[in-house]
Amino acid sequence: FVGLNFFANGAVLTHIIPHATDIGFEPLAAAWVLSTMAGFGVIGKLFFCWIFDQIPKRLALCLASALQGVGVALVYSVAEYPSLLLAGAVFGLGMGGIIPLWGATIGAGFGRNAFGSVMGLMTPVMVPIHILGIPYAGWVYDRAGNYDTAFVTFLGAYALAMIGTLFLRLPEVEPGGALASERVVGSSPATAPDACSGP
């Protein structure tokens with residue numbers, strides 16, 4: 001899920017200014033599209049940190065990918081500047097949620113005690129996927145003279161990420177957390193024996 005999102009969003013961020021100038025906008029106007037993506041990325045971080053605790057976790061993950069996909073679809077299809085700024089805002093909102101959702105999902109699935117080791121194991125798998133997006137988009141542009149095929153590919157990546165979340169299974173209680181320990185012991189703080197009391 002995370003690798004596919006990074007594969008697409010890194011390339012979109014890198015190539016959005018060339019794309020915008022290619023379709024007729026001045027470099028400064030194109031730069032504002034990138035700034036809109038970055039600004040709404042900050043909002044997305046805050047929004048998804050909150051929403052991850054409010055709705056089912058798989059739905060939050062799907063929503064982040066869906067927003068990025070909608071943003072890319074608009075970038076691919078619109079020619080008016082306000083619509084391009086809107087595309088940047090929608091894309092940035094979803095993009096901003098990816099990193100906090102990545103960390104929160106690891107914590108929910110494996111527990112905070114395993115957070116570092118799990119993220120470390122994931123990184124070597126994700127990095128090759130992540131770094132391919134930027135040169136791939138450049139390669140497409142060099143051969144076709146536009147980013148259309150790259151944008152369609154990125155839409156497919158977001159769709160695959162959303163499908164992947166359907167198979168994601170997260171425990172109801174965080175592994176290693178206090179509630180999980182209570183379930184294993186079979187008692188709660190209210191009913192557990194007092195360690196200072198007698199038999």
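**Labels and their limits**

Reader: Why is Tyr136 called partly exposed?

Author: Tyr136 has a relative accessibility of 23%. Buried means under 20% relative accessible area, exposed means over 50%, and partly exposed is what lies in between (1.4 Å probe, protein chains only). The 23% of Tyr136 falls in between, so partly exposed is the label.

Reader: What should I know about the model itself?

Author: This is a predicted model, where local features need pLDDT of at least 70, side-chain atom pairs count only at pLDDT 80 or more, and totals for chains, interfaces and linings use all residues. Residues are numbered from 1 along each chain as its sequence is written, and side-chain values use heavy atoms, with hydrogens and water left out.

Reader: How many helices and strands does the chain have?

Author: The chain has seven helices and zero strands. Both are DSSP runs, numbered from the N terminus: helices are H or I with at least four residues, strands are E with at least two. The order from the N terminus is α-α-α-α-α-α-α.

Reader: What share of the chain counts as buried?

Author: Of its 199 residues, 38% count as buried.

Reader: How many aromatic pairs are there, and what makes a pair?

Author: The whole structure holds 10 aromatic pairs. Rings of Phe, Tyr and Trp (its six-membered ring) pair if their centres lie within 6.5 Å; planes under 30 degrees apart are stacked, over 60 edge-to-face, and the rest tilted. Tyr76 and Phe151 form an edge-to-face pair, with 6.5 Å from centre to centre and 65° between the planes. This pair joins distant parts of the chain: Tyr76 in helix α3 and Phe151 in helix α6 are 75 residues apart.

Reader: Why is the pair of Tyr136 and Phe154 called edge-to-face?

Author: The ring centres of Tyr136 and Phe154 are 6.3 Å apart, and their planes stand at 75°. Tyr136 lies in helix α5 (residues 115–144) and Phe154 in helix α6, so the pair ties together parts 18 residues apart in sequence. Phe154 is buried because its relative accessible area is 1%. Phe7, Tyr136, Trp139 and Phe154 form one aromatic cluster.

Reader: How do you know that helix α3 spans what is expected?

Author: Helix α3 (residues 57–77) has 21 residues and reaches 31 Å from its first C-alpha to its last. The expected span is 1.5 Å times one less than the number of residues. The buried residues of α3 include Ala60, Leu61, Cys62, Leu67 and Val75.

Reader: Why is Thr36 called buried, and what does it touch?

Author: Thr36 is in helix α2 (residues 27–51). Its relative accessible area is 16%, so Thr36 is buried. Contact means heavy atoms within 4.5 Å. Leaving out residues up to four places away in sequence, Thr36 touches Leu85, Gly88 and Ala89.

Reader: What does Ile17 contact?

Author: Ile17 is in helix α1 (residues 2–22). Beyond neighbours within four places in sequence, Ile17 contacts Ala30, Ala31 and Leu34. The C-alpha atoms of Ile17 and Ala31 are 6.0 Å apart, though 14 residues separate them along the chain. Ile17 is partly exposed because its relative accessibility is 27%.

Reader: Which residues make the nonpolar patch?

Author: Leu160, Ile163, Leu166 and Phe167 form it on the surface, with about 450 Å² of accessible area together. Areas come from the Shrake-Rupley method with a 1.4 Å probe; for residues, only the protein chains shown count as cover. Patch members have over 30% relative accessible area and no salt bridge; like charges are joined within 9 Å, nonpolar side chains (Val, Leu, Ile, Met, Phe, Trp, Tyr) within 5 Å. A salt bridge is a side-chain nitrogen of Lys or Arg within 4 Å of a carboxyl oxygen of Asp or Glu.
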